[in-house]
Amino acid sequence: VSFTLELEFSCSVLLDRAEVTLQATSDSTEATPQDNVVKLSVPIRYEPNLFLSSNTNLHRYEVQPLGTYTHSSGPEFTTTVKVQNLGCYPIQNVTLHMALPALGHHQATILSVSHVLAENATCVLQPPDEGTQVVPVPPEDLLHMDR
């Protein structure tokens, strides 16, 4: 006999283990009825239900043609990244890595972070020279594109 046992857990009571006792019985006389019982104990891991969203105040950015870039900063924009726990189980030790900034033609900085504001989180800003590898963005010819 093969079957699947599906358990549903409460959001108000968090358990670390589930224990199930299975016992097979019959009307027949059996010589070894003690092997008809099995006790199972399995650890419970709760699946997170995380929702990641982002919003920015700058939806368009003009990139100058190759070789005509300046070393000055572009327009400042704010990006908000939000991580929400939509599940009913508490989540611990969540780490979010964001790879910034990027480099363009002749190693020109396309994006750099000026400051980080965090609510209910600890954020660490690591400049590229502290072990964060900066991957250059290759130049792309968009002249053949309509938009």
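In this predicted model, Tyr46 is partly exposed, with a relative accessible area of 24%; buried denotes under 20% relative accessible area, exposed over 50%, and partly exposed the range in between (1.4 Å probe, protein chains only). Tyr46 and Tyr89 form a tilted aromatic pair, with 4.3 Å centre to centre and 35° between the planes. Rings of Phe, Tyr and Trp (its six-membered ring) are paired if their centres lie within 6.5 Å, planes under 30 degrees apart counting as stacked, over 60 as edge-to-face and the rest as tilted. Because Tyr46 lies in the loop between strand 2 and strand 3 and Tyr89 in the segment after strand 4, this pair ties together parts 43 residues apart in sequence. Strands (E, at least two residues) are DSSP runs numbered from the N terminus. Tyr89 is buried, at a relative accessible area of 17%.

The structure holds 2 aromatic pairs. The rings of Phe9 and Tyr46 have centres 6.4 Å apart and planes at 80°, so this pair is edge-to-face. Phe9 is located in the segment before strand 1 (17-23), 37 residues from Tyr46, and is partly exposed, with a relative accessible area of 29%.

Residues are numbered from 1 along each chain as its sequence is written. Local features require pLDDT of at least 70 and side-chain atom pairs pLDDT 80 or more, whereas totals for chains, interfaces and linings use all residues; side-chain values use heavy atoms, with hydrogens and water left out.

How values were computed: Helix = DSSP H or I, 4+ residues; strand = E, 2+ residues; numbered from the N terminus.
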